[in-house]
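Biologist: Before I use any labels for this protein, I would like to know what stands behind them. Please show me the model.

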Amino acid sequence: MTKKILTWVVVIAVLAILGIWMKNGYNSMVDAEENVESAWGQVQVSYQHRADLVPELVGVVQGVADQEQAVIIGAMEARAKATSVNIDPSNMTEEQLKNFQQVQGDLSQAMNRLMVAVEKYPEIKTNENFSKLQSQLEGIANRITVARKAFNEQATVYNKLIRKFPNTLVAMMFGFEKKPYFEAEAGAEKAPSVQFNFNRNNE
């Protein structure tokens, strides 16, 4: 009788330990995943803020530089594509993030082309609204860089957590999967800008 009781005590103790371990592991993964999702929210906010400035920028340029319609339309089309891509961070895949990064990079390039085209128009370069928008775009570019870095850092913490043994067993049981990272883009997140040469001779 004593042996049977002892056996049950050992079994219950082991099950209790396993239960506590699984609970702690699961909760740690939930916390880490929520940190990733929170960081992704900041990424989206930063990119959306940039996209919101595109119509304002086009509005300043359009009235003066009507002959730059191809560049203006290109910027608006790139904005439409960029804002149409939405990702659920809880089910984010590497392919989805690459697509998101691609359309945002395309928007960066389109905005750069627009800003370069503006150099030919002194009345735009001296426009107070244009100067403010340019300053805002530079600030947003910095915030995008910071937000992407923070997201990658949180994703790294989460990915390391679910890969460590025995956490990997809990991750498999409850469907915690690896999060993708932003890839480095040479110059893609620099603020759209151009160094104006006010002394340039007309050709």
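Modeller: What follows sets some labels against their cut-offs. This is a predicted model, in which local features need pLDDT of at least 70 and side-chain atom pairs count only at pLDDT 80 or more, while totals for chains, interfaces and linings use all residues. Residues are numbered from 1 along each chain as its sequence is written, and side-chain values use heavy atoms, with hydrogens and water left out.

Biologist: Why is the pair Tyr 47 and Phe 100 called edge-to-face?

Modeller: Rings of Phe, Tyr and Trp (its six-membered ring) pair if their centres lie within 6.5 Å; planes under 30 degrees apart count as stacked, over 60 as edge-to-face and the rest as tilted. Here the centres are 5.3 Å apart and the planes at 85 degrees, so the pair is edge-to-face. Tyr 47 is in helix H1 and Phe 100 in helix H3 (residues 94-117), 53 residues apart; helices are DSSP runs (H or I, at least four residues), numbered from the N terminus.

Biologist: What makes Tyr 47 count as buried?

Modeller: Buried means under 20% relative accessible area, exposed over 50%, partly exposed in between (1.4 Å probe, protein chains only). Tyr 47 has 2% relative accessibility, so Tyr 47 counts as buried. Phe 100, at 3%, counts as buried too.

Biologist: What makes Phe 151 and Phe 182 an edge-to-face pair?

Modeller: Their ring centres are 5.7 Å apart and their planes at 75 degrees, so the pair is edge-to-face. Phe 151 and Phe 182 are both buried.

Biologist: How do you know that Leu 15 is exposed?

Modeller: Leu 15, in helix H1 (residues 2-62), has a relative accessible area of 54%, so Leu 15 is exposed.

Notes. Helices (H or I, at least four residues) and strands (E, at least two) are DSSP runs, numbered from the N terminus.
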